[in-house]
Amino acid sequence: MRRLLLALLMLSAALLAACGLSKTPAELAAESLNKGIEAHNAGRTAEASAFYYETLSRDPKNKLAFHNLGQIARTQNRASIAEGYYRQALEADANFAPSL
């Protein structure tokens, strides 16, 4: 399922670029983040994680993507992994209160 989702995302990006409808990396990162939040809110954490990783591939210091990955890890009882994501969110923005 994850491979299919990633393949569809890559195909969509290639088609948009071919049509001259390419977007900036910041716009693509924002779209990925929004899709991740939507999936996360719907309880589809694997899909949300994939979108958050896609966000980070376009915006490596995106504090929201790191924080949300931490939230997913925390709900899966992976405390040390969650802590790592929260720390990365704080490295991106030391005043990001949700990750404190």
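Predicted model: local features only at pLDDT ≥ 70, side-chain atom pairs only at ≥ 80, totals over all residues.

Reader: What makes up the secondary structure of the protein chain?
Author: It comes to 5 helices and 0 strands. From the N terminus on, the order is α-α-α-α-α.

Reader: Why is K23 called partly exposed?
Author: Its relative accessibility is 36%. Buried means under 20% and exposed means over 50%. The value for K23 lies in between, so K23 counts as partly exposed.

Reader: Where is K23 placed?
Author: K23 is in the loop between helix 1 (2-18) and helix 2 (25-41).

Reader: What does K23 touch, not counting residues up to four places away in sequence?
Author: K23 touches L28 and E31.

Reader: What makes the pairing of the K23 and E31 side chains a polar contact?
Author: The distance is 2.2 Å. The cut-off for a pair of N or O atoms is 3.5 Å, and one must be able to donate a hydrogen and the other to accept it. The two side chains are therefore listed as making a polar contact.

Reader: Which residues make up the largest nonpolar core?
Author: There are 12 residues in all, among them L33, Y52, L56, F66, I72 and F96. Helix 2, helix 3 (45-58), helix 4 (63-75) and helix 5 (79-92) each supply at least two of the core residues. Helix 4 gives the largest share of this core, 4 residues.

Reader: What makes this set count as a core?
Author: Two things are needed: the nonpolar residues must be buried, and they must be joined through side-chain atoms within 4.5 Å. L56 is one of the core residues. Leaving aside neighbours within four places in sequence, L56 is in contact with N62, A65, F66 and L69.

Reader: How do you know that the span of helix 5 agrees with its number of residues?
Author: Helix 5 has 14 residues, and at 1.5 Å a residue they should span 20 Å. The end C-alpha atoms are 20 Å apart, so the two values agree.

Reader: Which residues of helix 5 are buried?
Author: A82, Y85, Y86 and A89 are buried.

Reader: Why are they said to be on the same side of helix 5?
Author: They cover an arc of only 100 degrees around the axis, and therefore sit on the same side of helix 5. On the other side, S80 and E91 are exposed.

Reader: What covers the buried residues of helix 5?
Author: The cover includes helix 3 and helix 4.

Reader: How many of the residues in the protein chain are buried?
Author: Buried residues make up 29% of the 100 residues.

Technical notes
Residues numbered from 1 in each chain as written. Heavy atoms only, no water. Buried < 20%, exposed > 50% of the residue type's maximum accessible area, 1.4 Å probe, protein only. Contact = heavy atoms within 4.5 Å. Expected span 1.5 Å × (residues − 1). Arc of directions from axis to C-beta.
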